[in-house]
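Student: I have a model open in my viewer and would like to learn how to read its packing. Could you take me through it?

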Amino acid sequence: MTSITNRTPSMRDVALAAGVSAQTVSRVLSDSTHVQPETKSRVLAAVEELGYRRNKTARALVTGQSKTLGLITLATNFYSRSSLAMGIENEARANGYIVNATTTESLGSRAIAGAISRLVDQGVDGLIIAVPLRDVDAPLERLTRRLPTVTVDGLRTSAADIVAVDQVSAARVATQHLLDLGHQTVWHVAGPVEWSDSDARIEGWQQTLRAAGASVPPELHGDWTPESGYRNGLILGRMPDVTAILVASDEMAFGLLRAFTELGRRVPDDVSVVGFDDIALAAYASPPLTTVRQSFEETGCRAVRHLLRHISDPETDHVPELVEPELIIRSTTGPPPHA
């Protein structure tokens, strides 16, 4: 085979090295079935030896696809966002796609519309929107009609498919676990009011308490950070009647546990605590945290599969997929002290 030096190898160079036409090289790189296996092997060997990389723009002009997916997330350092992005990138790569990601600093419709427009201008084949927005306006509706779109984190438009963790079910199973241990009611430290996940968890928590005939305490709110859990822990820890708490994230639960330690409230002897997410540190908290596991990485993988189906067949029906959570019981839950 011929070696190429001092310049980027072209498709013609690959064709000369493999002893075939440039059209045959193009067919091989496009995964055409109309190429003999021996010829395909020869072309791929030439590609490897020469270090040829096909121009993305040229490929898009030929196939009508850029083999690129767009991802929009909220600009945060939360565990759930990084885990979700990892699942999306891994599944996209396994299917021959790359991911162009952009973030939005705001939950406002205008900011999200701007992020969508940036990705559309980059020529992505489809969109995954992982933003916890509750209300959708007309401009967002129009934008999500331009490309195959899957939403993962609360955003709902008529043109988008949906893949999400069943947050209502997650709150139900956690609340029921505490009631089954004998607690008369369960308090709740919820997430930010503007997040759709917070609403869904509040709904599941309230439904379970009402179904059991238990009183529904007023929920407290945090911002997903340990600091906000700590502040709420200082409030709840001074209330002797509080024996069970559902906290909407593991990180807030860590802050709450710190506050209880400072106040002399023992977990789970005096108060039982359940978190959400099952991040890596949950198993190593003191005591190890009972929590609701949400497979964000698996959710990201499923979102890519949905999106690729819509890219290959735009007429595919939108069938929402809810990922079931799993309760992981560790050492922060037990019977109430009077039991």
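Student: Which residues in H8 meet H9?

Tutor: Keep in mind that this model is predicted. As a general idea, an α-helix has 3.6 residues a turn, so residues three or four places apart point the same way. Here, the H8 residues that meet H9 are Gln-167, Val-168, Ala-171, Arg-172, Thr-175, Gln-176 and Leu-179. Their partners in H9 include Ala-200, Gly-204, Trp-205 and Thr-208.

Student: How do the axes of H8 and H9 cross?

Tutor: The axes of H8 (residues 167–180) and H9 (residues 196–211) come within 7 Å, crossing at roughly 40°. Angles under 35 degrees count as roughly parallel, so H8 and H9 are oblique to each other. Their crossing is right-handed.

Student: And which residues have the most contacts inside the largest nonpolar core?

Tutor: Among them are Ile-116, Leu-236, Ile-245 and Phe-260, in a core of 40 residues. Strand S1, helix H6 and helix H11 are among the elements giving two or more residues to this core. Domain 2 and domain 3 each supply at least three residues to it.

Student: What is Leu-236 in contact with, beyond its neighbours within four places in sequence?

Tutor: Its contacts include Trp-187, Val-189, Leu-220, Ile-245 and Phe-260.

Student: Which residues of helix H2 are buried?

Tutor: They are Thr-24, Val-25, Ser-26 and Val-28. To see what covers them, look at helix H1 (11–18) and helix H3 (37–50), which are included in that cover.

Terms used: Residues numbered from 1 in each chain as written. Predicted model: local features only at pLDDT ≥ 70, side-chain atom pairs only at ≥ 80, totals over all residues. Heavy atoms only, no water. Buried < 20%, exposed > 50% of the residue type's maximum accessible area, 1.4 Å probe, protein only. Helix = DSSP H or I, 4+ residues; strand = E, 2+ residues; numbered from the N terminus. Contact = heavy atoms within 4.5 Å. Core = buried A, V, L, I, M, F, W, Y, C linked by side-chain atoms within 4.5 Å. Domains from an automatic or database assignment. Axes fitted to C-alpha atoms, helices over the stretch in contact; angles between N-to-C directions. Parallel < 35°, antiparallel > 145°, perpendicular 65-115°, else oblique. Left-handed = near helix turned anticlockwise from the far one by under 90°.
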